[in-house]
Amino acid sequence: MAEGSQKTIDGVTHSPEGDLSTDDIEVKKKVWIAPLKQIVRLSVLAIVFAAVWHTVAEAITEIAAEKFSFGDFSLGWIVVAAAFYLVGLLPCWLFWNRTLWAMGQEPRWRESLPAFWIGHLGKYVPGKAMVVVLRTSLVQGPRVNKTVAATSVFVETLTMMAVGAFLSAVILLLTTDHWELMLLAAALMIGSGVPTIPPIFRRVVRLLQVHRANPQIEEAIAGLNFRLMATGWCVISLGWFFLGLSLWATIRAMPLAGPEGVDPIGDLPVVPAPVGLAMVAGVLSLLPGGWGVRDSVLMTILAPPF
């Protein structure tokens with residue numbers, strides 16, 4: 001008997017796999033690994049859609065309890081709000097795509113754009129990690145390494161949060177007296193922005209020992225520099241402006257029941273603040289869709305003017 005589970009018969013060593021060569025064994029493994037990966041991907045999508053449906057079902061129930069009618073909305077303004085929201089997210093995709101290229105990857109826009117949009121569904125799954133999983137699995141390929149793609153998602157997400165929190169703090173400082181929310185915005189900006197400073201981010205990646213998954217990660221993160229991050233701040237700031245317009249258009253679409261003198265146009269400068277702070281706080285809460293956290297921030301800031 002040879003070492004392990006191999007057997008020697010008539011001077012010939014046989015493995016438990018029979019007479020299969022190493023190449024045959026690898027092919028055999030790939031035959032069942034490919035379907036397994038597909039099953040995992042479909043399971044992930046099923047979980048995401050189930051979570052989204054649960055959120056929608058709860059919203060419908062609450063709306064019905066309040067005897068609220070969607071017929072009271074202005075369809076035209078809803079369409080405008082949706083358009084503003086889509087435009088508001090495009091700068092974030094541009095920055096993410098640019099980050100991938102800076103890290104040595106070469107995604108085509110028709111690969112990174114769908115991955116970016118679909119990845120947002122992961123926000124409705126507890127923990128928010130599904131955002132990274134969805135984006136990474138959809139954009140990886142011959143031109144994009146999986147580990148680098150996952151790292152780039154954190155760069156884009158943290159930068160988006162830092163910019164949103166910064167703009168919210170400035171707007172709140174200039175337009176309201178919510179000091180507690182200003183401090184919250186400042187804390188969120190520091191907490192999400194500091195890790196994106198290139199030298200610090202590289203240090204964090206090394207501490208997490210990402211090189212074990214990809215030995216070339218050091219070369220990839222070397223592409224992250226202050227010029228790239230400055231570009232990201234400028235581009236994403238524009239995106240937050242349009243996300244604010246999306247909320248403003250939604251308010252215009254609603255039959256406001258507040259006191260006389262409510263002026264959605266005059267109060268426009270206030271609107272980007274609750275959007276940025278609510279979204280950032282919602283992401284950090286790790287709750288599906290920021291449930292409860294986003295609502296609380298929005299109501300606190302929007303109640304006085306509206």
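Mentor: Leaving aside neighbours within four places in sequence, W240 is in contact (heavy atoms within 4.5 Å) with M160, V163, G164, L167, V275, G276 and M279. This is a predicted model, in which local features need pLDDT of at least 70 and side-chain atom pairs count only at pLDDT 80 or more, while totals for chains, interfaces and linings use all residues. Residues are numbered from 1 along each chain as its sequence is written, and side-chain values use heavy atoms, with hydrogens and water left out.

W240, together with W96 and M160, touches the most other members of the largest nonpolar core, which has 43 residues; such a core is a set of buried Ala, Val, Leu, Ile, Met, Phe, Trp, Tyr and Cys residues joined through side-chain atoms within 4.5 Å, where buried means under 20% relative accessible area, exposed over 50% and partly exposed in between, with a 1.4 Å probe and protein chains only. At least two residues of this core are supplied by each of helix 2, helix 3, helix 4, helix 5, helix 7 (198-207), helix 8, helix 9 and helix 10 (272-285), the helices being DSSP runs of H or I with at least four residues, and strands runs of E with at least two, numbered from the N terminus. Helix 9 gives the largest share of this core, 10 residues.

Helix 2 deserves a longer look. Its 28 residues reach 41 Å from first C-alpha to last, close to the 40 Å expected at 1.5 Å a residue, the expected span being 1.5 Å times one less than the number of residues. Among its buried residues are G88, P91, W93, W96, N97 and T99, and the buried residues of helix 2 pack against helix 3 (109-119), helix 4 (129-139), helix 5 (146-175), helix 8 (217-221) and helix 9 (226-253). T99, which lies in helix 2 (residues 75-102), counts as buried because its relative accessibility is 0%; apart from neighbours within four places in sequence, T99 is in contact with S152, V155, L224 and L228. Just after helix 2, G104 takes a positive phi of about 90°.

As for the whole protein, there are 11 helices and 2 strands, and buried residues make up 37% of its 306 residues. Of the contacts with a separation of 6 or more, 70% join residues 24 or more positions apart.
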